[in-house]
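I opened the notebook today to follow a few leads through this fold. Here is the model I was looking at.

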Amino acid sequence: MMTDEQAKELFTMITIAYPNFLNADNKTYSTNEKARFWRSELLDMQYSRTKDKLVKYIRSSPYEPKISDIATYERTAVKDWREQLKEDGVM
């Protein structure tokens, strides 16, 4: 997960690379709403891998990114199903 400052850094990179990024396409949402939404999504991502993907994206695409273009989430360990059943008192 990234910090608020790291999310702000990546969001700033996007707005510098794509000057029209904050201009709402159809004005159904405000600039602040778009910024809040992106911030909340970025905070759930892994910072260094997301930044790497963003830099590669900026260097290769003239179009502003979608969240799915740069998203990287930390992997969580999945317990063995037998372990989980024992913990739940089923086995």
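Which residues have the most contacts inside the largest nonpolar core? I kept in mind that this is a predicted model. The core has 17 residues, and Met2, Ile14, Trp38, Leu42 and Ile70 are those with the most contacts inside it. Next I looked up where the core comes from: helix H1 (4–17), H2, H3 and helix H4 (67–70) each supply at least two of its residues. H1 gives the most, with four residues.

Setting aside neighbours within four places in sequence, I found Met2 in contact with Ala7, Leu10, Leu42, Leu43, Met45, Gln46, Tyr47 and Thr50. Leu42 is another of the core residues with the most contacts.

From there I moved on to Gln46. I found it in the loop between helix H2 (31–43) and helix H3 (47–60). Is Gln46 buried or exposed? Its relative accessible area is 19%, so Gln46 counts as buried, the cut-off being under 20%. Its side chain makes a polar contact of 3.3 Å with the side chain of Ser48. Not counting residues up to four places away in sequence, Gln46 touches Met2, Thr72 and Glu74.

H2 gives the most to the lining, with four residues. By type, I noted six nonpolar, no polar and five charged residues in the lining. Trp38 had already turned up in my core entry.

Technical notes: Residues are numbered from 1 along each chain as its sequence is written. This is a predicted model: local features need pLDDT of at least 70, side-chain atom pairs count only at pLDDT 80 or more; totals for chains, interfaces and linings use all residues. Side-chain values use heavy atoms; hydrogens and water are left out. Buried means under 20% relative accessible area, exposed over 50%, partly exposed in between (1.4 Å probe, protein chains only). A polar contact is a pair of N or O atoms within 3.5 Å; within protein, one must be able to donate a hydrogen and the other to accept it, and residues adjacent in sequence count only if both atoms are side-chain atoms. Contact means heavy atoms within 4.5 Å. Ala, Val, Leu, Ile, Met, Phe, Trp, Tyr, Cys and Pro count as nonpolar, Asp, Glu, Lys and Arg as charged, and the others, Gly among them, as polar. A nonpolar core is a set of buried Ala, Val, Leu, Ile, Met, Phe, Trp, Tyr and Cys residues joined through side-chain atoms within 4.5 Å.
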